[in-house]
Structures are given as C-alpha cells and as structure tokens.
Amino acid sequence: MIAVAFHLAAQTNVSGTVVDGELDEPLPGATVILRNAQGKMVKYSATDSKGEFAMSAPDEEGLYVEASIINYAKQTIALDSTKMPLRIVMSPSATQLKEVTVKAERIREQGDTITYNVGSFAQAQDRSIGDVLKRMPGIDVADNGKIQYQGEEINRFYIEGTDLLGGRYGIATDGISHDDVGAVEVMENHQPMQVLSGVSFSNQAAINLRLKNKAKATWTFHGEVGGGYSWQPEGSIWSGELFAMAVMPTYQSLTTCKTNNIGENLSASATDFFASRRATDLSLYVSVTLPGVPSLEEKRTCFNRSALFSTNILWKVHGGELKVQIDYSFNRLASSSANTTTYFLDSEDKVIIENRYGRDRSHSLAASFVYEMNQKATYLNNTLKTNLDWDDVRLDVSGTLSNHQNASLPDYYVSNKFKLIRRFGGKHLVTFNSDNQWESMPQTLRISCDCSNMRQHIGEHAFYTHESASYSLNLKGWLISLEGGAKGYFRSFGSELTGMPAYIPGDDSNVVSTNSITIYAEPKVEYWIKHVNLTASAPVSFARFTFDKAFANHSEGYFSPSLSANWKPNNRLQITVRGGLGRAPMSLHLIQPGMVMTDYRTISQGIDDFCSTTSQNVAAKFSYKHSRRGIFASGLVMQSWSHLPYTMSQQLYGNYVEYSYSDAKSDGKMLMASGSVGKTLDFMQGSMAVNGSYNRSESNLMSDCTSANSVYASWSIGGKISASPIEWLSIDYKARFSNCRLTLNRASNSWLSSLQNELLINLNPHRKWEWHISGEHYRNEIAQAQYKSVVLLDTKLVCKLSKRVELSASLTNIFDKKTYRYTTYSQLSSFESQRWLRGREMLISIILKK
C-alpha cells in the first residue's frame, strides 16, 4: 500500500491544447508524445475534437512533449519549469516523406464546414480577399460583388464569427488584404439564428473570414494614392483609398474612404446584397438614365468622379451586439453614345436614331442601427434604417427628335423591423414580427425641344406595416407552425403632364389613392426523415382594397400553397425539388389611368381597374462536392407560368411610343437552366471552372393594335482558369460565348452572338518586382454575319520597396481604342448602340500598409 501511494504521488499530470498558429483554431487528431531525457517514448496521446489532450507522467527531469500532425511542422516543448496546461502552437508546413512532398491541404472539410486555405489560392497580383475568392471552386463572385456558393446566394458574411457588415460585405471583400486572412470558411446549410438551429432547415451557406493572428486584437491600415494623365477625355486622373479595420474580442470596426475618376463606380461597394425588395413597392416612372453596356467592364465606359465613405462599428454588449453603419457615396457620371432603336411593327418597322450625351450627379446617404441578441433560447433583432438619395440627370439628344432632358429623382426611405423568437423547453417556439416602412419618391422631368417644352411632375409616397405572431412545435422530426398577422398598405400617387402634343390621346394627370388591409394565416409543416427534409406551406389571406372613389372598392381571398423536398444522403450530394401555385393581387404601382412621360419620346399608361394574377412554378437544383479532390458542381432548372388578365400594349404616335395595358388575357412562361463545375488544379497551384446557362421566355403583347407573340431565347457558356505553373509566373484566363434571338409571331430574327476573352499574366522576375500584362477581346455580332471586334490591352509595373511600401505604374487601353458597338433585343424592339470608351491612361500610385 505504501509503495502504491508513493508511486501515485510521483505522477504529474501533463495536459494542454494544440492549435493552428495561423487560424488560432484547435487541431483534433494531433499526436502528442511524452519523451524522457534519452528520447525514449514514455507516454502517448492524441488530441480530441477540441484539440485537447491529457496524460500522466513520472516526476523526473528532462521530460519533453513532442506534438505532430500531417501538414504542420513538429513542435517540441520541455516540461522543466513549464506551467500547465500547455498551449502548443503548430505552423503549417510541407512535410518531406521519402522524396514525396505532402503540402498543406488547400481545401479542408469538417462536418458542414469547408475551409479554403487562402495562401494556396492567392497569387502575387492579388490585393484584396475578394480577388482570391474568385479563384476558389464552388464560390462565385459576380461583377457587382455578390457572392454565391454552389449556385445559392450566401445568407451571412462573418469576420471572425461576427456579422459586422450585414449585406454590405463588398466593403470587406474589396478592402481587407488577403494577406491578413488565413482561411475562408463556408458553413453549409447555415441557420444564422441559434434559436432555430436543429429546428428549421436552411439551404443557404455562410462565409466566415478567419484572420491571421497579426490582424487580430489590433488596428490594420492601408492606403493608396495615385495620379496620372488621360488621353480621352484629355486631362488629369486620380485614385485614392484609405482603409482601417480593428477586430477585438468585444469590438469590431471597419472604415473605408475612396475617391477616383478612373472609371471605378464606387457605389456598388456599399450595396446591401441581403436587402429584399421594399414593401412600399415604389419605383421610378421617369427613366432618363445613362445606358449600361452589356459584357464590357463598366470601367471602360464610365467617365466618372466618385467618392465613397463607409464606417461600420460593432459593440458586444449585454449578451448581444449593437451595430452602426453609415455610408455616403457621390457619383458624377458622363456618357456618350450613338443609338438606333428599331420597333418591330406588323406593317412597317419604325426606326429612331439618337446621338446622346448625358451627365448624372447622384448623392446617397444610408444609415442603419441594429441591436441583435442571438442565443439558443432567445433571438432578438431590431433594425432601424434610412436611405436618402438625390439623383439629377441631364441628357442631350440629337437625331430623329433633338431635345434636352433634365430629371430630378430624389428618394427618401425609412424602415424599422423588429423580430423576437423565444424557445421554451426545447420544443416550443413563439415569434413576434413588426415591420414598418415609409417611402417618398417625387420625380420631375423637363424636356426642351424645337417644337415645345414639356414637364412631367410626379408625387408618390407609401406607408407599409406588417404585424404578425407565430407558434411552432418541434416534435420528433416534425416542426409544425402557424403564423398569423395583418398587413396594411397606403399609397398616394399624383402626376401632372404639360406640353404634350394634342394628337396623343389620354389624360395628362393622375390622382389616385390605393390602400389595402390584409389579414392572413400561414400553416407550415417541416418533416425530417433520415436524409430528407420535406416542407409544405399553405398561406391563405383575405384583402380589402380601397381606391378613394377613383375605382370601385374590392375584396378578395388568396391561397398560394408550396411544397419542397431536400435530399442530402451525405456531405457531398444535395438535391432540392420545389414547386408552388400562386394567386396574388396585381402590383398597386400599376394602377395609373392617366399618362406619365418616362422620357422624351416614351409614355406609360397603367391599368384603370383592379385585378389579380395567378402563377405556377417548379424547380430542381443539385449540388455536389468532393473537397479532397477539389471538385464542386451545381445545377438549376426552373420553369414558371404566369396568367394575367391584361396584356402589355405598344402603340406608336409619330415619333412617340406609348406602353399601356389592354383588357385581354395574357399567358407567359419562362424556362431557365444554369450549371457550373469547379476544380482545383493542385499540380500547378491553380483552379478552373466551367459554367453555362439557357433562358427562354414567351409572352403575348399588343403592337399597334395587333396581337404579337414574343419569344426571347439566349444561351451562354464560359469558363475560367487560374494557375501558377512556376514560382515567378501566374496566369488568369476567362472566356464567355453567348447567343440571343428574338422571335415575333414565329418569324425569327437571326441569332446574334458575342464573344469575350480576358487574360492576365503576372511575372515576378524578382521578389520585389511584379509585371502585370492584361488584355480583353470582345467580338459582337451587330447584324447577321457582321462582326465588330475590339482589343484592349493594359499593363502595370509594381515595385515592393518594403513590406509596407509599394510603388506602381499602370498604362490602360494602350491601343487607345475609342468606340465599342453592340446590339440587344427586347420584347418588341432591337437596340444597336455605339459607345465611347475611356482612352489611354497612365497612373502612378503609392501604397502604404501597416
């Protein structure tokens, strides 16, 4: 007994945690060996799912612990005078095994989380984490910055597990240096509300940026300033940026300030990608805008002066988070084009020729204040938002009908949304929602031409309120819920048009109030059986519409059931099928019996009575991944049918065109299919992706009192590849081919194609020097077998003076190309345009980092 007691007293407990040095995350499955002074193994252990280990050791000198795991460098810690528990920090490293190099995994999978190693996808020319995201298979970044994973939009964007930016994550993807991010985590089937975790299914993913230790608990800064000269328009150019970020345990802050006149429209950076359509349902009638250019990058045709300021702050307080976001942007855009619009008529086509020069000055101020408590038993969120926009457009037109247009288009919006969810006993859920929105959108259009002056003024505002409560019961794989509530919508619309030619029939004023009160109930059932999730909902509602004596008041009931099934047999494959029937009131925005002039030659006239619409839709989607092999694939097919009691009508009066709605039923249908496949190319440190899409829409319209069946079809296929086959060379290549055709009354126009190629070559002759060579090739078919091609070439030289200072010199549009031509189709017309390009430009910049 004495010997046993002495032996036990001589034992020492050795415990600790093994973590990833870059991500500061626990490493499960690490081998931990205890050795004595002679190197002989005394004890052996392995870390658990939390990266922790524990074992007993004899009480003697010279002991040390040896930790190892594949893809990480071995770590050794002497135990003499070392306090417990240990913290063993592992550094990613290549491991040599008999002349076979095993590198750190580029993509790692654990449960529903996919982890991309940023360093293995980054290339020398990359600056922001957004540049690297575009190379990660399975992740798609659109031109406007919106992120999709396996064909679905993400539902959250986190920085170190915290939702600082909400849907305005473009600020982060454009601003955060990829060198500050260790990994990008994709959390599949992410349920952002903890109270619903394991209860309500989500088919969307979230992205989380895991920062390196150097970017945590400190401020990071970088700034850039540049100046140069442009040949078209002739004059000086500039670009500047300041970015600051702090990620603390209880505080996060991200602020950026940008300005330039080199073609970068900065307002897109502050877009809220999670924002749904405003329930106030207001939209611009006046459409005097500068035309966009399909396919071509906006920076090639954007003659701008832009500025953006955005600050985002988050505090963790009282078990929740308080967030403040303030964004201000200014854009002064100029554009020149020569256009030919052809209206397809049964008797003889009508051709309008225009030469346009316009300027658009816009200011936008947005602010949001959010308090959120996200816990397992309680979810609370209150979001107060305001958006104030001012937009003034001036457009000079010469040609068929020369004129000058001036439009003033302010927009004022305020909303407050409240949500509370409580979970009781693990089975019962109670939810309360309150949503209140107000918007005012006055519009004024002034038109001056040789024959007359016209003025269109519109005053429109709306208030929307939605109050609801729901109860849910979670019971052995079943989630049964019932939501009930009331909605109110109150809209006032008035317009006055002066100076309209007398030969165009119709009222030149509108005074309409459209109000509705809706009560509804929505039963919903979710059922889990093995790997299948079934969801069925059957919302039913009753609405009362009043029109302040302009029309007869109306009452109607609605029923719109839907059903979906999701099958996920394993972590690699997921298939979703859904379908639904819909019956809904028409958009009250369409109730407009009088004329409204939308631009100098286009008039719109709405519906003079209330009606409802019906629709059906079916869709199927699949996604597949094999993370160890770096394969990601997804596909979507959707078919929808719509049934309207009215038909859109096009009528020409001289050089004016009027769009209205006739009292005739119209059926339409649309087919959409898309798919993509992505794959890592580890042998040359690269990745590739192939994607394609097909769209076909059919509708019935009226043109010059004649019925017309319009079918628009388009398809496209594209791909991209990035590679770094040797240490000093990296390549990015992207190509897309597309085709479109319009068919009217079974008489088909020819297919018109477009081809786009982009190539970027980056050379690193020395660790301090980079040379970028990039080019774009566009070939557009402007008429059958008639093609217009343009090649744009850029180059950039970068000198890294130190880790914190860079100098660069860039030359864009080296060939000084001046114009770009393209043709597009709409339902009853074609549009051919020639746009002026930004000319040759030279810019010299300096970049400072902390």
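Leu-254 touches Ile-159, Leu-164, Leu-165, Ile-171, Ala-172, Ile-176, Phe-243, Ala-244, Met-245, Ser-310, Thr-311 and Asn-312, when residues up to four places away in sequence are not counted; contact here means heavy atoms within 4.5 Å. The model is a predicted one, in which local features need pLDDT of at least 70 and side-chain atom pairs count only at pLDDT 80 or more, while totals for chains, interfaces and linings use all residues. Residues are numbered from 1 along each chain as its sequence is written, and side-chain values use heavy atoms, with hydrogens and water left out.

Leu-254 belongs to the largest nonpolar core, which has 40 residues, and is listed with Tyr-116, Ile-139 and Ile-176 as having the most contacts inside it. Such a core is a set of buried Ala, Val, Leu, Ile, Met, Phe, Trp, Tyr and Cys residues joined through side-chain atoms within 4.5 Å, where buried means under 20% relative accessible area, exposed over 50%, and partly exposed in between (1.4 Å probe, protein chains only). A second, separate core of 32 residues includes Tyr-285, Val-288, Leu-445 and Ile-504.

Turning to the strands, five of them form an open sheet of mixed pairing in the order S10-S11-S16-S17-S15. Strands are DSSP runs (E, at least two residues), as are helices (H or I, at least four), numbered from the N terminus, and two strands pair if DSSP finds at least two bridges between them. Strand S10 (107–110) and strand S15 (156–159) each have a single partner strand and stand at the edges, so one side of each is left without a neighbour in the sheet. Within this sheet, strand S11 (residues 113–117) pairs with strand S16 (residues 181–187) in the antiparallel sense over five bridges, and Asn-117 stands opposite Ala-183 in S16.

Thr-173 is placed in helix H4 (residues 170–175) and is buried, with a relative accessible area of 6%. Its side chain reaches the backbone oxygen of Gly-170 at 3.3 Å. Beyond its neighbours within four places in sequence, Thr-173 is in contact with Ser-128, Ile-129, Gly-130, Leu-133, Ile-147 and Phe-157.

Ile-326, in strand S22 (residues 320–343), is by contrast partly exposed, with a relative accessible area of 31%. The C-alpha atoms of Ile-326 and Thr-311 are separated by 5.5 Å, although these residues are 15 residues apart along the chain. Leaving aside neighbours within four places in sequence, Ile-326 is in contact with Phe-309, Ser-310, Thr-311, Leu-365, Ala-366 and Ala-367.

Definitions and conventions:
Polar contact = N/O pair within 3.5 Å; in protein donor to acceptor, adjacent residues only side chain to side chain.
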